[in-house]
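I opened the coordinates with the sequence alongside and went through them one region at a time. My notes follow in the order I took them.

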Amino acid sequence: MGKLVTAHGEVDTPVFMPVGTQGTVKAISNDELKGCGAEIILGNAYHLYLRPGIELIRKAGGLHKFMGWQGPILTDSGGYQVFSLAVLRKLSREGVEFSSHIDGSKHFLTPEKVIDIQDGLGSDIMMMLDECVHYPAARDYVEQSLDLTTAWARRSKDHFSQLPTPNSKLLFGIVQGSTYRDLRKKAVDDLLAIGFDGYAVGGVSVGEPEDLIYEVAGYTADLLPEDKPRYLMGLGTPPDLLEAIGRGLDMFDCVVPTRNGRNGQAFTWNGDLQLRNALYKEDFRPIDGTCGCFACRNHTRAYIRHLFNTEELLGLRLVSLHNIQFYVKLIHYAREAIRDDRFDAFREGFMSSYKKEKGK
Ligand SMILES: [Zn+2]
């Protein structure tokens, strides 16, 4: 348990950050986000850099003003999207050249430019540029890649330190090293020597089996200082989050609650429901009777299934809202359980009802 202090407010950890890729958490207004209990959101540097462009957001007064969100914002570096979404042109010590996935236009990102982009966005928490290696990866490739990521970490920190107001911003380092334990250790040692405000475990959930995700996240978290935030990037399902919290991770972002919500998958304490299924045709109960979100207070499973069936937009909004509230609450209860020293019992209780009663 800890506290994250940013220029736009304090956030208790562990914390879940809804993902606002394009300067919006899809289909959800800021008021609704706050109503769900969300305190901090994630913005995506790669997408915002391509559209509408950083200069425009700078002119608007930063991303907070542009999108009307007053709470803290963490931005990712864009590196993950460059390596997964864009057409990669050339990777060098200097930086990475890529073509936009939207119009094919060519761009070149360096560690310094990525800091400038996030500074232009007015981000409270910035992430360094890194190379995210997919699984499986040969050891010598990972060694070389890690060497590059560490050099980029140093340049990111140097450039960040020269910003006009570095003290009101936070910069996080990202631990790579694939599934090689000694390389993860080396990555952590090098990042600690440079010194960051928080540390992210990157390069997990990139194609490896589930138990390996937990194992790598766990031993990497163990190597990181307890008094700094430990952020597990891009994971996952509700059980994933509790497994990760149990292993010492305390910041999470994931598109699952919104992306899956838009497809009709609702998460509950008793597992997930596929609301498009005929099973719910005449089910006049709320998604979750104990939830209290707008969707659960006002609408039934049968109605939401009907909305999906007829491709009505309200359906995906309702399930996204419910899912965000569920994720925020889950982490909130986990935080209380840690405080009361009963986290293991909480996690086991959750896992057994989540798995046993799936879909009821
Ligand atoms: Zn609900």
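**The loop histidine**

I began at His299, which sits in the loop that links α12 (294-298) to α13 (301-309). The model is predicted, and I kept that in mind for each entry.

Is His299 buried or exposed? I found a relative accessible area of 19% for His299. The limit for buried is under 20%, so His299 counts as buried. I then listed its contacts, leaving out neighbours within four places in sequence: His299 is in contact with Pro286, Phe294, Ile304 and Leu318.

**Arg93**

Next I went to Arg93, in the loop between β7 (87-91) and β8 (96-99). Arg93 has 48% relative accessibility and therefore counts as partly exposed. Which residues does Arg93 touch, not counting those up to four places away in sequence? I noted Asp147, Leu148, Ala151, Trp152 and Arg155. For Trp152 I also took the separation from Arg93: 59 residues in sequence, and 8.3 Å in space from C-alpha to C-alpha.

**Cysteines**

I looked for disulfides and the count came to zero. Cys254 is in no disulfide, and the nearest cysteine sulfur, which belongs to Cys132, is 14 Å away. The cut-off for a sulfur pair is 2.5 Å, so that distance leaves Cys254 without a disulfide. I checked accessibility as well: Cys254 is buried at 5% relative accessibility, and Cys293 is buried at 2%.

**The open sheet**

How many strands form the open sheet, and in what order? I traced nine, with parallel pairing, in the order β3-β14-β13-β12-β11-β10-β6-β5-β4. At the edges I found β3 (15-17) and β4 (19-20), each of which pairs on one side only.

Within this order I looked at one pair, β11 (residues 170-175) and β12 (residues 198-201). These strands run parallel and are joined by four bridges. Ile174 has Ala200 of β12 opposite it.

I then asked which strands helix α6 (residues 111-121) lies across. I noted β6 (73-76), β10 (125-127) and β11, with the helix running at about 155 degrees to β10.

**Helices α8 and α9**

I turned to the packing of α8 (residues 181-194) with α9 (residues 210-223). Their axes come within 10 Å and cross at roughly 35 degrees. The crossing of α8 and α9 is right-handed. On the α8 side, the contact is made by Arg181, Arg184, Lys185, Val188 and Leu192. From α9 come Glu215, Val216, Tyr219, Thr220 and Leu223. Sorted by class, this contact has five nonpolar, four charged and one polar.

**The β15-β16 hairpin**

My last stop was β15 (residues 265-268), which forms a hairpin with β16, with two residues between the strands. The two strands run antiparallel, and four bridges join β15 to β16 (residues 271-274). I looked up the bridge partner of Phe267 in β16 and found Asp272.

Notes: Residues numbered from 1 in each chain as written. Predicted model: local features only at pLDDT ≥ 70, side-chain atom pairs only at ≥ 80, totals over all residues. Heavy atoms only, no water. Axes fitted to C-alpha atoms, helices over the stretch in contact; angles between N-to-C directions. Left-handed = near helix turned anticlockwise from the far one by under 90°. Contact = heavy atoms within 4.5 Å. Nonpolar A, V, L, I, M, F, W, Y, C, P; charged D, E, K, R; others polar. Pairing = 2+ DSSP bridges. Buried < 20%, exposed > 50% of the residue type's maximum accessible area, 1.4 Å probe, protein only.
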